[in-house]
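Biologist: Please walk me through reading a helix and its surroundings in a model.

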Amino acid sequence: MSVLWTVKVVGLGAVALTLSLELLGRLFGRLKHRKTLNEVLFFPSEVACVEHFFTPTATHSCFCSLPHGVETSFYRLLRHILSASSSLDLCVFSFSNADLRRAVLLLHSKGVAVRVVSDKDYSAITGSQIGVLRKAGICVRCDVGSVHMHHKFAVVDGRRLITGSLNWTLTAVLNNMENILITEEPDLVQPFVKEFHRLWVLNDPAQYYQNQ
Ligand SMILES: [Zn+2]
């Protein structure tokens, strides 16, 4: 084989190898891009400052005594909730946590459509934040059935589900062993979207009084 042929064969081989690598790179890139969000959080959460979520300037200027820049379970939960850009549908039995209330109010103030379904007995207890949400103009509907509305889930932008044992209370976050699953698997998210819609319609005050 002449030297020229050898150069040609080596050259073609190099081109083929480059193309193959490029193709593989794109394929893996696409697969990586398609990876569905799935995350599990366990509580009780460590205590850390979350002020920067509410006061962006606090990232470098908060001097409270809590640790800063620590990604606790609660930090991650807040981040998922605050990722909402168009809607937050929340179905929670007990809601008394002030930071979670601040997160919901922040989303509402940014124009995110917030809807809340809660338990009628627990929404009236001391420390419940449901009244504050209502006063801020957030639509809240309480269950009118004879059984407790015991769900604890939220759907962010109709595609990210946050669900688990955790009530939105300070005790649950700091003192209880709890779990939260965050997923964007459509097969898991869609039944919760449907369940929220069912409860929202079922507990429409107008419809309820009409049926009395
Ligand atoms: Zn701080």
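Predicted model: local features only at pLDDT ≥ 70, side-chain atom pairs only at ≥ 80, totals over all residues.

Modeller: Residues are numbered from 1 along each chain as its sequence is written.

Biologist: What span does helix α5 reach from its first C-alpha to its last?

Modeller: Helices are DSSP runs (H or I, at least four residues), and strands are E runs of at least two, numbered from the N terminus. The expected span is 1.5 Å times one less than the number of residues. Helix α5, residues 98–109, reaches 16 Å, close to the 16 Å expected. Just after α5, G111 has a positive phi of about 95 degrees.

Biologist: Which residues of α5 are buried?

Modeller: A residue is buried if 20 or more other C-beta atoms lie within 10 Å of its own, exposed if 12 or fewer, and partly exposed in between, with C-beta atoms placed from the backbone. In α5 the buried ones are L100, A103, V104 and L107. Seen down the axis of α5, they fall within an arc of 95 degrees, so they line one face of the helix. The arc is that of the directions from the helix axis to the C-beta atoms. A98 and S109 are exposed on the other side.

Biologist: What covers the buried residues of α5?

Modeller: The cover includes α2, α4, β2, β3 and α6. Contact requires C-beta atoms, placed from the backbone, within 7 Å. L88 touches V104 and L107, among others, not counting residues up to four places away in sequence.

Conventions
Contact = placed C-beta atoms within 7 Å.
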